[in-house]
Every structure is written in C-alpha cells, then in structure tokens.
Amino acid sequence: MPHDLINNRKAKVSADCKNCFGLCCVALSFAASADFAFDKGEGTPCRNLQTDYRCGIHKNLRLNGFRGCTVYEYFGAGQKVYQGTYGGIDWRNNAAIAQEMFAVFPIMQHLHEMLYYLYEALSIEAAQPIYKDLEQAAQETEHLTYLSPEAILSLYIPSHRDKVNDLLKKTSELVRSKAKNSHHRSARKRKMTKGRDMIGANLRGANLRGADLRGALLIASDLRKADLREADLIGADLRDADLRGANLLGSIFLTQVQVNSAKGNRHTKLPPSLRIPEHWLISEII
C-alpha cells in the first residue's frame, strides 16, 4: 500500500491538540499518585486546562507531577468526537449533551486505537498475504467511527476487537517468522518469554529479535543494548524500562507513548515513525 496513503490515514488517528477541545482532560478521571499530582473525577475539567483548551503546564508536565499525561494516548479520538461526531459542538456550552460526549469518547478511542494498528499492519511488507483482510477490517472500523452518538454507544467493542486482534496476530506471525533464528537465541527467548511478567528483569544485551512480547510487563526492566528487531510489542508495558542502546528497528506495534514511558538515549534505535523523547536527551545532560 502507498506510504503516502498510510501516513495520511495514521495522521487521522494521531493526537492533534490544536484541533481538539480538551476532551481527554475532562472526560477521564485520575487519582493522586506518582503519575498525577492530584485527584480528578470523570467529567470534571483538569485544573490545568485553560480556556483555549490547552494545558497550562504541557511543556513541564513531568516536572509538575503529571507524568501520567505524557504516557497517555487517545489516538486522535478527541478531535474526531469534536469535529466529526458532534460537528464542533462545545461541551462547555452544551451541558445537556456533555455527559454523552464523555461516554462516546472512550469508545472512539478504542476504535481509533484499532485503526492505528491496522494502518501499521497495512504498511508492513511481510503482511501482504493478508492485506485484503486487513483493508476490509480497516474500512469496517472506519465506518464505525462515523456512526451517530447513539449508535456508537450501542456498539459491542469486544466482538470487533477480537476480529481485529486475530488479524494483528497473523501480521505478527508473518513478521516474526522472517526474523533470523539461531539455537542460542531461540533458547534464550524461550526462557525470557515463558511468562508475561518480566518486571525488573535483567535483559541487558538479550537477543529478543522476533520475540512475541505482546502485553508483556517489562516495567523497570533492563533492556540496555537488547536486540528487539521484529519483536511484537503491542500492549507491552515499558514504563521505566531502560532502552539505552537498544535496537528496536523493525519492531512492530510500538507506539510513541510506550517510548515516552521508557528510559533511553540518543543511541536507542527506534522505528522511523517514532521520535526520541525530549526527556531522554535531557537526562543525558543532567
């Protein structure tokens, strides 16, 4: 599939705060913790949300105790609900439908998340054998995002997600099957992925090329200089994982938010669509 088409599609499921109206800063709740400086209830605007719908501390979220905001991804659902589903209606001036908007938002987020992964799968050459099925799933999911609020609220998301997830698993298998194998790497990989819980694991220099790390708990794990090429990282929890010097080129289903939640440096090799977070570079200077 042409890269320009894929890039245009992925842009539609990427956060664009300039064309949103702070929906994620209102609809969702969070509790005071290491990730958030205070409690906030559902439907209550965050005290950092300004009248122009911008965050007053966006450039200094981590310094102000809001690391949780820096690792949250709504996949462009906010601007879709604002501009598409409700045609530019403002929740601040329409209290009668505000609660409905807040309920539609997380469902739209789920749909956009599925689209994000489907679009990525369609950009992967190894997935060519199932392109037709992936494209059909993408079109069906796109259609759901244009339904009325009432129809969106009546959707049974788990059923659709199961269908999409089956295709993403097939994509993963096609990609990982192309990863070069060796007896040493295979033995090591079986040991590393025996369980999903690898919190704090010492994986420094590990050869995890082509590994299935879907949903793996890699919190605070040591992945320095690890080989993660062609690894499936969908849903992997990389909070505080040390990726300094790690090679993630060719890894699949990795998001910018996952990268933002980890530690790394300028020597970490990321897929071209992802960028090195500013806090990685700042930590090198400090």
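Thr171 touches Ala121, Ile124, Ala127, Ile130, Leu134 and Phe253, leaving aside residues up to four places away in sequence. Thr171 itself belongs to helix α8, which spans residues 157-176. Its relative accessibility is 0%, so Thr171 counts as buried; the cut-off for burial is under 20%. These contacts come from a predicted model.

Helix α5 covers residues 95-122, and helix α6 covers residues 131-145. Their axes are 9 Å apart and meet at an angle of about 155 degrees. Angles over 145 degrees count as roughly antiparallel. The pair is therefore roughly antiparallel. The crossing of α5 past α6 is left-handed.

Residues from both helices build this contact. By class, 13 residues in the contact are nonpolar, 3 are polar and 2 are charged.

Confidence was examined next. The average pLDDT of the protein is 90. A score of at least 70 is reached by 91% of the residues. Residues 182-188 stay under 50. For this stretch, the model has 6 contacts beyond four places in sequence.

Conventions: Residues numbered from 1 in each chain as written. Predicted model: local features only at pLDDT ≥ 70, side-chain atom pairs only at ≥ 80, totals over all residues. Heavy atoms only, no water. Axes fitted to C-alpha atoms, helices over the stretch in contact; angles between N-to-C directions. Helix = DSSP H or I, 4+ residues; strand = E, 2+ residues; numbered from the N terminus. Parallel < 35°, antiparallel > 145°, perpendicular 65-115°, else oblique. Left-handed = near helix turned anticlockwise from the far one by under 90°. Nonpolar A, V, L, I, M, F, W, Y, C, P; charged D, E, K, R; others polar. pLDDT = per-residue confidence, 0-100. Contact = heavy atoms within 4.5 Å. Buried < 20%, exposed > 50% of the residue type's maximum accessible area, 1.4 Å probe, protein only.
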